[in-house]
Amino acid sequence: MPDIASLLTRSHELSGISETPRLDTELLLCHVLGKPRAYLYTWPEYRLLPSEVAGFEALFTRRVRGEPIAYLTGWREFWSLLLRVSPATLIPRPETELLVTLALALPLGDTASVADLGTGTGALALALASERPLWQISAVDAFPDALALAECNCRELGYGNVRVFRSDWFSALAGSRFDLVVSNPPYIDAADTHLRQGDVRFEPASALVAPDDGFGDLTVIIERAGEHLNPGGWLLLEHGWQQGGMVRQLMSQAGFLTVATHLDLAGRERVTAGRMA
């Protein structure tokens, strides 16, 4: 049976698939062995059991075909939280943590009410709940499989200030008002060639693609948010790096003040914020 050291050398087989082939190989080995990454370098001579070899080979082959690591292991870290993921939802991305950072910096009270629209795995809602235990957070999604996953993450992480329920954007929130609405909605144009590349090939189109050149869902949220925000309430939206100008225009037309777009770690426009009068 092969040992850990020899299997790690196979990372070169992922060089054309992944930007982090060595890390991907390590994560798959850790998943199969049920061990942390430090174990791989403490016990490089460990020879895998036949069942472990079979498990690694199956996952490694799927990774060579392009399947995302998060779907293969069933987990993804976001804001220091370990979240369950599945092909039913978008994989939480590091750039989306900017939404969390900006939300936490807002001048909101200790008991603010928050809505996370299109929650998917529940990443945004749970990250905010971990930092603001007295905030009351409504995490909504239109898709039952996504809701089940968000509920599972909420239950396993144990945050009692998050409630998860089904809603197509604001459709089930009639009469509800919030101090903050956050969302990472679909914002990719259906014709975008990136949809046929990398991990996004395996992610649900419903979480990625929006009509009207990618602005359809952003427009709906912006136009209806005012009905559900308290005076002085905030709207924070993630969007494509070339969409900032139009999102600022839409928010200003909808009556939002102090509209501003913030850059992600790559220096690209990623999140636009506005305050309701």
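**Helix H4, end to end.** In this predicted model, helix H4 covers residues 50-64, 15 residues in total. From first C-alpha to last, H4 reaches 21 Å. That is close to the 21 Å expected at 1.5 Å a residue. Just after H4 comes glycine 66, with a positive phi of about 110 degrees.

**The buried side of H4.** Six names make up the buried set of H4: Glu52, Val53, Phe56, Leu59, Phe60 and Arg63. They lie on the same side of the helix because they cover an arc of only 140 degrees around the axis. Glu52 and Arg63 are buried here, at under 20% relative accessible area. The face turned away from this buried side carries Pro50 and Ser51, both exposed.

Strand S1 (residues 75-78) pairs with S2 in the antiparallel sense. Four bridges join the pair. Phenylalanine 78 stands opposite leucine 81 of S2. Two residues lie between the strands. In this hairpin, tryptophan 79 takes a positive phi near 50 degrees.

**Two faces of strand S2.** Side chains alternate along S2 (residues 81-84). Leu81 and Leu83 point to one face and are buried.

Definitions and conventions
Residues are numbered from 1 along each chain as its sequence is written. This is a predicted model: local features need pLDDT of at least 70, side-chain atom pairs count only at pLDDT 80 or more; totals for chains, interfaces and linings use all residues. Side-chain values use heavy atoms; hydrogens and water are left out. Buried means under 20% relative accessible area, exposed over 50%, partly exposed in between (1.4 Å probe, protein chains only). Two strands pair if DSSP finds at least two bridges between them. The expected span of a helix is 1.5 Å times one less than its number of residues. The arc is that of the directions from the helix axis to the C-beta atoms.
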